[in-house]
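Hi,

Here is the structure I promised to pass on.

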Amino acid sequence: MAMAFKMATTGMWVADECKDSFMEMKWKKVHRYIVFKIDEKSKLVTVDKVGAAGEGYSDLTASLPDDDCRYAVFDFDFVTVDNCRKSKIFFIAWAPSASKIRAKMLYATSKDGLRRVLDGVHYEVQATDPSEMGFDIIQDRAK
């Protein structure tokens, strides 16, 4: 079967493209971020959008819907006070207040399965509102 991992609690599968895109982001630095969505009909977690290496955090936040849940990973590059270049990968669970209760429950119960497939995430952020995942929060968590 062409699926990477089955999530036992929800019966969802994580498509191979999710792990492949994540590995390209992590090792080759091809992508700045990846947005994932759940397709209930096919019972798959799939890649919804991929941000090019030149895109930033504002591009990621703009790509998240106001009324539906998503998962996202963001590769945050920064320079330490010692002038060292570092990179940290953030996992964001986006569940806005305007999304349907069913979607919130499905995304909440499927999150850990996707996290197990995405090996190498440093930090997790859960947000129901853009202020809960502001760039300042990402910067503070990375240091």
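Leaving aside its neighbours within four places in sequence, which residues is Thr 46 in contact with? They are Ala 15, Glu 17, Cys 18, Val 35, Phe 36 and Lys 37, where contact means heavy atoms within 4.5 Å. Thr 46 sits in strand β4, residues 44–52. Thr 46 counts as buried because its relative accessible area is 14%; the classes are buried under 20%, exposed over 50% and partly exposed in between, with a 1.4 Å probe and protein chains only.

Before the rest, some housekeeping. This is a predicted model, so local features need pLDDT of at least 70 and side-chain atom pairs count only at pLDDT 80 or more, while totals for chains, interfaces and linings use all residues. Residues are numbered from 1 along each chain as its sequence is written, and side-chain values use heavy atoms, with hydrogens and water left out.

The overall picture

The protein chain has four helices and seven strands, in the order β-β-α-β-β-α-β-β-α-β-α along the sequence. Both kinds of element are DSSP runs numbered from the N terminus: helices are H or I with at least four residues, strands are E with at least two. The radius of gyration is 15 Å, close to the 15 Å that the globule rule gives for 143 residues, so the chain is as compact as a globular protein of that length. That radius is taken over C-alpha atoms, and the rule is 2.2 Å times the number of residues to the power 0.38. Along the principal axes, the C-alpha atoms fill a box of roughly 50 × 35 × 20 Å. Of the 143 residues, 42% are buried. Among contacts with a separation of 6 or more, 58% are between residues 24 or more positions apart.

Around β5

β5 (70–79) is largely enclosed by the rest of the structure, because eight of its ten residues are buried. On one pairing, β3 and β5 run antiparallel over four bridges, and Val 35 stands opposite Ala 72 there. (Two strands pair if DSSP finds at least two bridges between them.) Val 35 also turns up in the contact list of Thr 46.

β5 pairs with β6 too, antiparallel over ten bridges, with Val 79 opposite Arg 85. Arg 85 is exposed, since its relative accessible area is 69%. Not counting residues up to four places away in sequence, Arg 85 touches Phe 78 and Val 79.

The two strands form a hairpin with five residues between them, and Asn 83 in the turn has a positive phi of about 65°. That is worth a glance because most residues other than glycine have a negative phi. Asn 83 is exposed, at 64% relative accessibility. Lys 43 is another non-glycine residue with a positive phi, near 60°. Lys 43 lies in the loop between β3 (31–39) and β4, and at 42% relative accessibility counts as partly exposed.

From β6 to β7

β6 (residues 85–94) pairs with β7 (residues 123–127) in the parallel sense over five bridges, and Ala 93 has Gln 126 as its bridge partner in β7. Between them the chain passes through helix α3 (residues 101–117), and this β-α-β crossover is right-handed. Right-handed here means that, with the strands pointing away from the viewer, the path from the first strand over the helix to the second runs clockwise.

How far apart are the end C-alpha atoms of α3? They are 25 Å apart, which agrees with the 24 Å that 17 residues should span at 1.5 Å a residue; the expected span is 1.5 Å times one less than the number of residues. Even so, α3 bends by about 40° at Lys 111, the bend being the angle between axes fitted to the seven residues ending there and the seven starting there. Lys 111 is also one of the buried residues of α3, along with Ala 103, Leu 106, Tyr 107, Ser 110, Gly 113, Leu 114 and Val 117. An α-helix has 3.6 residues a turn, so residues three or four places apart point the same way.

In the loop that leads from β6 into α3 you will find Lys 100, which is exposed at 65% relative accessibility. Lys 100 and Trp 13 are 87 residues apart in sequence, and their C-alpha atoms are 21 Å apart in space.

Cheers
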